[in-house]
Amino acid sequence: MKKITLAAALAVAATTATAGNLQPPVMEETVVVEETTASSGGIVVPLMILLMAAAVASN
């Protein structure tokens with residue numbers, strides 16, 4: 001009778017010890033910060049095209 005009680009107590013202790021590990025770990029979200037480019041970055045290409053067109057037209 002003592003062996004059955006001991007086995008039942010160990011079985012209960014083993015199930016409660018592993019019960020907390022069944023949930024997946026909670027991960028914090030990473031924050032991604034995008035750097036903005038300078039305002040002159042969008043004007044350089046059209047200015048270069050304009051200069052090329054002016055060079056071609058002058059020849």
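What percentage of the 59 residues in the protein do buried residues make up? In this predicted model, the share is 0%. The secondary structure consists of two helices and zero strands. The protein exposes about 6,100 Å². Carbon and sulfur atoms account for 69% of that area.

Helix α2 spans residues 44-58 and contains 15 residues. Its first and last C-alpha atoms lie 21 Å apart. This is close to the 21 Å expected at 1.5 Å a residue. The number of buried residues in α2 is zero, so the helix lies largely in the open.

A nonpolar patch is found on the surface. Its members are Ile43, Val44, Leu47, Met48, Leu50, Leu51 and Met52. Together they present about 700 Å² of accessible area. Ile43 sits in the loop between α1 (2-18) and α2. The relative accessibility of Ile43 is 45%. Ile43 therefore counts as partly exposed, a class that runs between the 20% limit for buried and the 50% limit for exposed residues.

How values were computed
Residues are numbered from 1 along each chain as its sequence is written. This is a predicted model: local features need pLDDT of at least 70, side-chain atom pairs count only at pLDDT 80 or more; totals for chains, interfaces and linings use all residues. Side-chain values use heavy atoms; hydrogens and water are left out. Helices (H or I, at least four residues) and strands (E, at least two) are DSSP runs, numbered from the N terminus. The expected span of a helix is 1.5 Å times one less than its number of residues. Buried means under 20% relative accessible area, exposed over 50%, partly exposed in between (1.4 Å probe, protein chains only). Patches are made of residues with over 30% relative accessible area and no salt bridge: like charges are joined within 9 Å, nonpolar side chains (Val, Leu, Ile, Met, Phe, Trp, Tyr) within 5 Å. Accessible areas come from the Shrake-Rupley method with a 1.4 Å probe; for residues, only the protein chains shown count as cover. A salt bridge is a side-chain nitrogen of Lys or Arg within 4 Å of a carboxyl oxygen of Asp or Glu.
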